[in-house]
Amino acid sequence: MDEDFLLLNPGPVPVTDEVAAAMDERMISHRSTEFEAIYERAQNGLDYIFEQSTVDRKTTEPPGGGTSLILNGTATMGMEAAVANLVGDGGNVVSLINGKFGRRFARIAERYAEVTRVSVPWGDSIPLEDVRAAVSDSTDLVTMVHNETSTGLLNPASGVGHIAAEHDARFVLDGVTSIGGDVFCLDAWHVDIAVTDAQKALAAPPGISAMYVAEDVIDELNGEIAPFYSDLEWHLRKAQSHQTPFTSAVPLFRALAVAIEDIVDETMATRIQRHRNQAEAFRRGFTRMGLSLFANPADLTVLSNTVTAVSLPETIAGEDAPAFFDAVSERNVSISGGQAHLGGEIFRVSNMGRLPDTAILRGVEAVGDALTDVGVDVDVTAGLAAARDQLDVAVAQSADD
Ligand SMILES: Cc1ncc(COP(=O)(O)O)c(C=O)c1O
């Protein structure tokens with residue numbers, strides 16, 4: 001194994017040795033009691049993560065409760081399952097778009113219902129007035145991406161959830177890069193279905209995903225109109241006995257159970273604080289060395305605490321960007337570029353999962369040194385010092401707690 005390799009992409013993120021080892025255990029039947037016990041362990045931990053992602057350790061369980069379940073597919077499957085079980089022909093959906101994943105949600109919804117898109121340029125904040133103007137009493141469903149991974153923005157779930165609730169519309173929230181790393185409030189935000197992925201802030205291997213379905217929405221699900229594989233009524237029935245309708249990806253479920261138990265041990269409150277500090281260290285490191293963050297937070301929209309997107313300096317943007325990414329790779333560090341039209345315009349790093357603070361510093365240094373290699377004048381020493389100061393202050397604060 002290459003011990004020196006540092007994976008800073010916004011998913012998949014590094015997994016611990018224990019999580020990796022769980023995938024190597026002997027194969028078992030997905031209909032065995034042994035498998036059910038694995039699913040149940042993961043489900044118990046997921047209940048905690050979905051219902052207690054707060055800094056003050058308060059529960060956010062919806063009044064009627066809800067069910068955590070695991071899907072044999074990545075979060076795109078969960079996004080589609082949520083939409084397809086709630087709306088069909090004649091249904092009205094409002095989809096918020098300020099990045100690639102918001103757009104994906106709209107595209108999914110367009111396969112099933114009429115969609116009103118509320119769009120702003122990628123990286124901009126969506127004004128709540130625009131959402132208010134689009135959602136009406138005939139809206140059945142609102143889709144939103146909480147943490148827009150393509151741009152590094154954290155969208156205002158509370159404001160949008162309230163607007164949806166005022167019109168009695170269901171609210172499906174993609175928490176793929178927030179759940180497990182940042183605050184997520186099912187009840188206060190009126191979330192009916194929340195979706196997340198294994199390979200992001202849960203720090204498990206890619207291939208499966210998780211969902212929380214609030215009890216109050218269960219009666220509104222119609223599995224018959226959804227893709228056969230994504231019939232949520234069926235998934236919920238099987239989840240009661242800790243199974244999936246079809247063959248489970250046994251090694252991935254095992255790894256997810258271990259990763260989730262690590263989160264329970266750390267506690268969400270501590271984990272959220274750590275993610276916030278590390279994201280702030282990235283931001284301070286990059287801006288202090290002379291770079292600009294890409295996203296434009298305004299009003300209730302803020303910068304992400306799990307993914308940082310940085311504009312590439314003009315001299316290396318576009319066709320010259322690959323030389324920069326190659327120079328980062330040469331340092332055995334993996335980061336991401338921009339997606340779709342943002343290719344060559346930005347780079348993105350993640351602090352999701354269980355990264356030590358030294359990984360954040362190494363990321364800042366690798367980016368700074370790579371930029372220097374390709375002729376950009378950045379102050380790497382100042383950037384590193386700013387990131388280190390932030391991490392040191394955070395350590396001192398947690399010692400005082
Ligand atoms: C916010 C968000 N939603 C959805 C997805 C889709 O995930 P997948 O490709 O694993 O289905 C991603 C993946 O990066 C994401 O970041």
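**Ground rules**

I am working with a predicted model, where local features need pLDDT of at least 70, side-chain atom pairs count only at pLDDT 80 or more, and totals for chains, interfaces and linings use all residues. Residues are numbered from 1 along each chain as its sequence is written. My helices (H or I, at least four residues) and strands (E, at least two) are DSSP runs, numbered from the N terminus.

**The seven-stranded sheet**

I began with the strand order. I found an open sheet of seven strands, running E2-E10-E9-E8-E5-E3-E4 with mixed pairing. For pairing I use the rule that DSSP must find at least two bridges between two strands. As a reminder to myself, strands of a sheet pair through backbone hydrogen bonds, either parallel or antiparallel.

Which strands stand at the edges? They are E2 (66-71) and E4 (114-119); each has a single partner strand, so one side of each is left without a neighbour in the sheet. Ignoring direction, neighbouring strands here are turned by 15° against each other on average. Angles in these notes run from 0 to 180 degrees between N-to-C directions, and axes are lines fitted to C-alpha atoms, for helices over the stretch in contact.

I then zoomed in on E3 (residues 92-97), which runs parallel to E4 and is joined to E4 by six bridges. Serine 95 faces arginine 117 of E4 there.

Helix H3 (residues 75-86) packs on this sheet and touches E2, E5 (141-145), E8 (170-174), E9 (193-197) and E10 (209-214). The direction of H3 makes about 160° with that of E9. By contact I mean that C-beta atoms, placed from the backbone, lie within 7 Å.

**The three-stranded sheet**

I also looked at an open antiparallel sheet of three strands, in the order E12-E15-E14. Its edge strands, E12 (307-311) and E14 (336-337), each pair on one side only. Five bridges link E12 with E15 (residues 346-350) in the antiparallel sense. Alanine 309 has arginine 348 of E15 as its bridge partner.

**Helix pairs**

Back at H3, I checked its partner H4 (residues 100-110): the axes come within 9 Å and cross at roughly 45°. From H3, Thr76, Met79, Glu80 and Val83 make the contact, and from H4, Arg104, Phe105, Ile108 and Ala109. By class I get five nonpolar, one polar and two charged residues for H3 with H4. My classes take Ala, Val, Leu, Ile, Met, Phe, Trp, Tyr, Cys and Pro as nonpolar, Asp, Glu, Lys and Arg as charged, and the others, Gly among them, as polar.

Next came H10 (residues 268-288) and H12, which pack at about 20° with axes 10 Å apart. That angle makes H10 roughly parallel to H12. Gln278, Ala281, Phe282, Gly285 and Phe286 of H10 meet Asp357, Ile360, Gly363, Val364 and Val367 of H12. This contact divides into six nonpolar, three polar and one charged.

H12 (residues 357-373) also meets H11 (residues 321-329), with axes that come within 8 Å and cross at roughly 130°. H11 is therefore oblique to H12. Phe324, Ala327 and Val328 of H11 touch Ala366, Val367, Ala370, Leu371 and Asp373 of H12. I noted seven nonpolar, no polar and one charged residues for H11 with H12.

**Around the ligand**

Which residues are around the ligand? I listed Gly11, Thr74, Ala75, Thr76, Phe101, Val145, Thr149, Asp174, Val176, Thr177 and Asp197. The cut-off is a C-beta atom, placed from the backbone, within 6 Å of the molecule. This shell divides into four nonpolar, five polar and two charged residues.

**Backbone details**

Most residues other than glycine have a negative phi, and most peptide bonds are trans. I made a note of the cis bond between glycine 11 and proline 12, with omega about -5°. Proline 12 is in the loop between E1 (6-7) and H1 (17-22). Arginine 57 has a positive phi, near 60°, and sits in the loop between H2 (33-51) and E2.

Methods: Angles under 35 degrees count as roughly parallel, over 145 as roughly antiparallel, 65 to 115 as roughly perpendicular and the rest as oblique. Two residues are in contact if their C-beta atoms, placed from the backbone, lie within 7 Å.
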